[in-house]
Amino acid sequence: MSDANDLLALLQRPLEPTFLPKDDGKTVIDLPDEFLTDRYRPIGAELQSRFSSDAEQRIPVRQVTTPDLSFANGIERRGAFSLFIPKHREAATALINLFLQQPDVPTLMSVATYCRDRLNAVLFQYSLAVAVQHREDTKNVNIPSIVSLFPDQFVDPTVFPKLREEGSVVQQENRMVIDIKPNYTASDREDEQRMAYFREDIGVNMHHWHWHLVYPGDGPDEIVRKDRRGELFYYMHSQLIGRYNIDRFCARLKKVRHLTNLREPVPEAYFPKMIRSSNNRSYPARAANSTLQDIDRVDNNTVVAVGDLERWRDRIHEAIDQGFVLDTAGNRIPLDEQRGIDLLGDIVEASSLTPNRDLYGSLHNMGHNVISYIHDPDYRYLEDYGVMGDVTTAMRDPIFYRWHGMIDALFRRHKERLTPYSAQQLGNPGVTVSSVGVQLSRPNTPANVLLTFWQRSQVDLAAGLDFGPQGNVFASFTHLQHAPFSFRVEVNNESGATRQGTLRIWLAPKVDERGTALSFREQRLYFIEMDSSTVTLNPGMNTIVRRSDQSSVTIPYERTFRAIGTKSTPTQTDQLAQFRFCGCGWPQHMLVPKGSPEGVQFDLFAMVSDYAEDSVTQDVDANAPCNDSHSFCGLRDKKYPDRRAMGYPFDRRTADTVRTLDDFVTPNANMKSATIQVKFNNTVIART
């Protein structure tokens, strides 16, 4: 009888044949001869006995009727796979459906084993991961970190020969950690390189991949149709753009210029220095001042013109200005306060939930394709897509933020049409926030000053080094980090009875890259959510302390870089619960903007909103795993846990008389702001 966790063996070393040992050589999958591919079937018995002699665990795979895999014809096993390419998305949908339809875990194990050596490795991994997290009998299986499975999509390839050499020559207990040098894609002569620490951060790119794994745009309806999915697509990406712009200000760079003119040359170049392990081809570069071209790719049937993108964008603009969209029957669906932004998210992406793909097209996805094939639009040079064609690599490219800046402006156009929040919608009678601040966790440190620095951490890449050494092989990488701190909020409950509220904490820059003060109209676009939590207010004064590692936006380092293999899985019940499928969330080490050595000033904002208007009626276990990063990722199999619009209270325009944050805060006793400073220390500290 197969255990659900046996499925994890199928995820390791994606390009190796299934019969090779897993889990540091301790686990072997026993295949029926019929499951071997044509290359290995004639010598199957000899192979399986040769590689299984030291196995401590054997996973039997029973014979089943082999499935028809013709839906994946034309997608090479060792070729590129992208969720932005319609043909590839359709194949993933079919494979997810196949995995979901299996009646039990042993049958799923058998069908997945048969598929593994016959399908594109990324297609297989993605589809199995989506199916595993949505089946009732497998949803507690611990999907490993993608960086451990496909390190080529995250890591400078110059380290791989060193890792293989170290792993092949040196015994595991004596192996050195191989260092991944930061800033390997360009020199300091390129201004955009000041943002490389953000764009090429492994955790940031893994977050983007994992979000799209949790919220696939196509697939069975029960998987795609999640609560407020379209709105969350808008909000998560909008927050990414806000965070990126804030860090640009810290680096003395202008805000991102939106990619609105699709006909002008793109000045930003990008040379990714990455190699796809599946076919040993490099991710293509984009030279400076390249121009977007019509795409006609015979290799994957992708045909889209630049004019299509312009037409879809203009139709969405028109729908926003008119206040409604049209479905395929010509019926008007209003873009109202309740569902408008959710509907727009489905249309702009466009997910399978879009009400009219023929009219509004697939702006977001096809824009990624047009950009990613800018170097070879008609397959003349037999080149694959660039980094913008893959959710694991897209955020590395400066043009990602220009494209998503344009996408975000579409959503903002709708938000600007909504009526400003009323005093009643913003207020919370009987609740007064008297102060808000931050304090480092170390003793004798000044209040309202946060510190950032570089940290060197390690990640085990052995599970992704196909045909490489057994055992752990570690690489170290340098990333931004902040000193631990706490938010401290003083709240007076004047009602005389215990009540609940929602504490919302936000951060925004005071000035732009030149040190010029931002008007509230501008600043409102750069507020980033730091934390949201339900609080209990006793009568009188309450002191609420929230540690930075409790943020509703982030997940800890240990979950971002979760390892793979039986030795990495906890056995104790409480630890195992925390180890479950919890990889969706912004990385904790990127919670705080970088700041600068001399210090950058920010506005810290806190409000306690009316819980009666916030709460969502549903059964939620407060101690359940994966609930801690709900701001970006929602709750698994539940409704989004906040009835307010995502981005509240900064998602709508304000009256013209509100020119500063103080103008916004002063009339509302349940709000408070304070000035804090973020100082950056240019030193590298090793993770302990």
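At roughly what angle do the axes of helix H8 and helix H10 cross, and within what distance do they come?

Guide: This is a predicted model, where local features need pLDDT of at least 70, side-chain atom pairs count only at pLDDT 80 or more, and totals for chains, interfaces and linings use all residues. Numbering runs from 1 along each chain as its sequence is written, and side-chain values use heavy atoms, without hydrogens and water.

The axes of H8 (residues 202-214) and H10 (residues 229-250) cross at roughly 175° and come within 12 Å. Helices here are DSSP runs (H or I, at least four residues), as are strands (E, at least two), numbered from the N terminus. Axes are lines fitted to C-alpha atoms, for helices over the stretch in contact, with angles from 0 to 180 degrees between N-to-C directions. H8 is therefore roughly antiparallel to H10 (angles over 145 degrees).

H8 brings His207, His208, Trp211 and His212 to the contact (heavy atoms within 4.5 Å). H10 answers with Arg229, Leu232, Phe233, Met236, His237 and Leu240. By class, five residues of this contact are nonpolar, four polar and one charged. Nonpolar means Ala, Val, Leu, Ile, Met, Phe, Trp, Tyr, Cys and Pro; charged means Asp, Glu, Lys and Arg; the others, Gly among them, are polar.

Now set a second pair beside it. H2 (residues 86-101) and H3 (residues 105-116) pack at about 150°, and their axes lie 9 Å apart. H2 is thus roughly antiparallel to H3. Leu95, Leu98 and Phe99 of H2 meet Leu108, Val111, Ala112 and Cys115 of H3. That contact has seven nonpolar residues, no polar and no charged.

Next, an annotated stretch. An unreviewed UniProt entry places "domain: Tyrosinase copper-binding" at residues 397-408; such annotations may be inferred rather than shown by experiment. In the model, residues 397-408 are 92% helix and 0% strand. The end C-alpha atoms of that stretch are 17 Å apart.

Most residues other than glycine have a negative phi, and most peptide bonds are trans. The bond joining Glu349 and Ala350 is cis, with omega about -10°. Ala350 sits in the loop between H12 and H13 (357-360). Another cis bond runs from Tyr648 to Pro649, with omega near 10°. Pro649 belongs to the loop between H21 (630-633) and H22 (661-665). Asn289, a residue other than glycine, has a positive phi near 65°. The loop between strand E5 (281-282) and strand E6 (295-297) holds Asn289.

Back to the pair you asked about. H8 and H10 cross at roughly 175°, and His207, His208 and His212 are among the H8 residues that make the contact.

Notes: Angles under 35 degrees count as roughly parallel, over 145 as roughly antiparallel, 65 to 115 as roughly perpendicular and the rest as oblique.
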